[in-house]
Amino acid sequence: MIPTEPIGSIPRPPALLEAIASQHAGTLGQEALNRAYSEALSDTIQRFEQTGSPVLTDGEQTKPSFATYPLSGLHNLASDGVTIPFSDGHTRQLPKLIAGPFRYGIHADGYVHAARALTHLPIKQAVISASAMSLLYPPAGIPGYSQEQFLADLIDEAEADIRGALHAGAATVQIDFTEGRLSLKLDPTGGLLRSFIALNNQVLERFTAEERGRIGVHVCPGGDRDATHSADVNYSALLPDLFQLKAGRFYLQLASEPDKSSVLRMIGQLLQPHHLIFVGVIDPIHPTVETASEVCARVLEAAEFLPLNQLGTTDDCGFSPFADDTSTARDTAFQKIQARVEGTRMAGSRLGV
């Protein structure tokens, strides 16, 4: 069977969004918010199971965003960090570190424990990359806390995040590296991208080859409110450096790519025997729900370029990477996931695997 996995986030149910807004407004207590989180998580796991998905995620229901969950509860941050512009004109802004030392406020193992208590199916856990967290350090520096010490602390924390998720029982861990493609927009020379890859490799090198086989990297042009931040960056500039990452799995946005065959051909030339390539066959941003037949056709196309024993399928990106992104309906997300699962099985049957 061709493996198939989700990327991560699922749109939060309206009741949870209302609870979060009420808590921010000071009209709802933490205990009531925690109940809303638990109900959303339970519903997410149940609906994932109903799609027939062989691997589940927690839908990131209890994260503020895919990128900033480690910062929860920290007090050494300011709000005026790096700003990321999207194609429709809206922006997202990261916080900025103002004092050391840097420590994660939350690690991912708690998310794994909560999800595993609700299902017997394998759980995949998404974590943020060390390179994304490196953007917290201000260009002007921090008195008494050098960038070198910050990066040393960051690498320790990123390792602990991944290792904790594995020890908690995650079947696989996915490192979100959406800033990879964006880095080429910020620095077309590729210097920033290569520095990101070197930093992430310092984390990956702390794991055994067997462990790295369970660790993957996800790249896409960013997806938020039906917009992207780097879809205009050609994949050919990213892929050669991307495959220098010492991960065993690569989750690659592809459904929304205009020239899939060229990208697939390049992937086929770059992959190593120990790599497992999950190609995106679902576009979370597109409002139309793909059919199983459309997914099957995309898988069959990928099979023309990639070895079947190294081929898997996924979604291009998460459906709601930030808690306030409601551009995709929750029902639509699960319909798309079910189409991916059914289409992948259909393709596997036609390919005899």
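Mentor: Happy to. Glutamate 31 is exposed, with a relative accessible area of 60%; here buried means under 20%, exposed over 50%, and partly exposed in between, using a 1.4 Å probe and protein chains only. Its side chain meets that of arginine 35 in a salt bridge, at 3.6 Å from N to O. By salt bridge I mean a side-chain nitrogen of Lys or Arg within 4 Å of a carboxyl oxygen of Asp or Glu. Arginine 35 is partly exposed, at 47% relative accessibility. Because glutamate 31 and arginine 35 sit four residues apart in helix H2 (residues 30-50), about one helical turn separates them. Helices (H or I, at least four residues) and strands (E, at least two) are DSSP runs, numbered from the N terminus.

Before going on, a word on the ground rules. This is a predicted model, so local features need pLDDT of at least 70 and side-chain atom pairs count only at pLDDT 80 or more, while totals for chains, interfaces and linings use all residues. Residues are numbered from 1 along each chain as its sequence is written, and side-chain values use heavy atoms, with hydrogens and water left out.

Another of them joins aspartate 324 to arginine 225, with the closest N and O atoms 3.3 Å apart. That pair links distant parts of the chain, 99 residues apart: aspartate 324 lies in the loop between strand S10 (311-315) and helix H12 (330-351), and arginine 225 in the loop between strand S7 (215-219) and helix H9 (235-242). Both ends are partly exposed: aspartate 324 has a relative accessible area of 43%, and arginine 225 has 36%.

Now for a pair in other surroundings. Glutamate 290 and lysine 336 form a salt bridge with an N to O distance of 2.9 Å. They are 46 residues apart, with glutamate 290 in the loop between strand S9 (276-282) and helix H11 (292-303) and lysine 336 in helix H12. Glutamate 290 is buried at 7% relative accessibility, and lysine 336 is buried at 0%. Elsewhere, salt bridges with shared partners join Asp156, Glu159, Arg163, Arg206 and Glu211 into one network.

Helix H12 also holds threonine 332, which is buried with a relative accessible area of 18%. Leaving out residues up to four places away in sequence, threonine 332 touches Pro287 and Val289, where contact means heavy atoms within 4.5 Å.

Next, the open space. The largest pocket has a volume of about 450 Å³. On a 1 Å grid over the protein atoms alone, a pocket is an open set of points where a 1.4 Å probe fits, with protein on both sides within 12 Å along at least five of seven lines; lining residues have an atom within 4 Å of a point. Points are joined across faces, edges and corners, and the volume is the space filled by probe spheres set on them. Of its 33 lining residues, Phe66, Ala67, Thr178, Pro321 and Phe322 are the closest to the centre. Strand S3 (91-93), strand S5 (124-128), helix H4 (130-134), strand S6 (172-176) and helix H6 (179-186) are the elements that each give two or more residues to this lining. By class, the lining has 17 nonpolar, 12 polar and four charged residues; Ala, Val, Leu, Ile, Met, Phe, Trp, Tyr, Cys and Pro count as nonpolar, Asp, Glu, Lys and Arg as charged, and the others, Gly among them, as polar.

Strand S5 also contains glutamine 125, buried at 2% relative accessibility. Beyond its neighbours within four places in sequence, glutamine 125 contacts several residues, including Asp58, Lys63, Tyr111 and Gln174. Tyr111 is also one of the residues touched by isoleucine 106, which lies in the loop between strand S4 (96-97) and helix H3 (109-116).

Phe102 and Leu242 touch the most other members of the largest nonpolar core, which has 83 residues. Helix H5 (residues 147-167) contributes the most to this core, with seven residues. Such a core is a set of buried Ala, Val, Leu, Ile, Met, Phe, Trp, Tyr and Cys residues joined through side-chain atoms within 4.5 Å.
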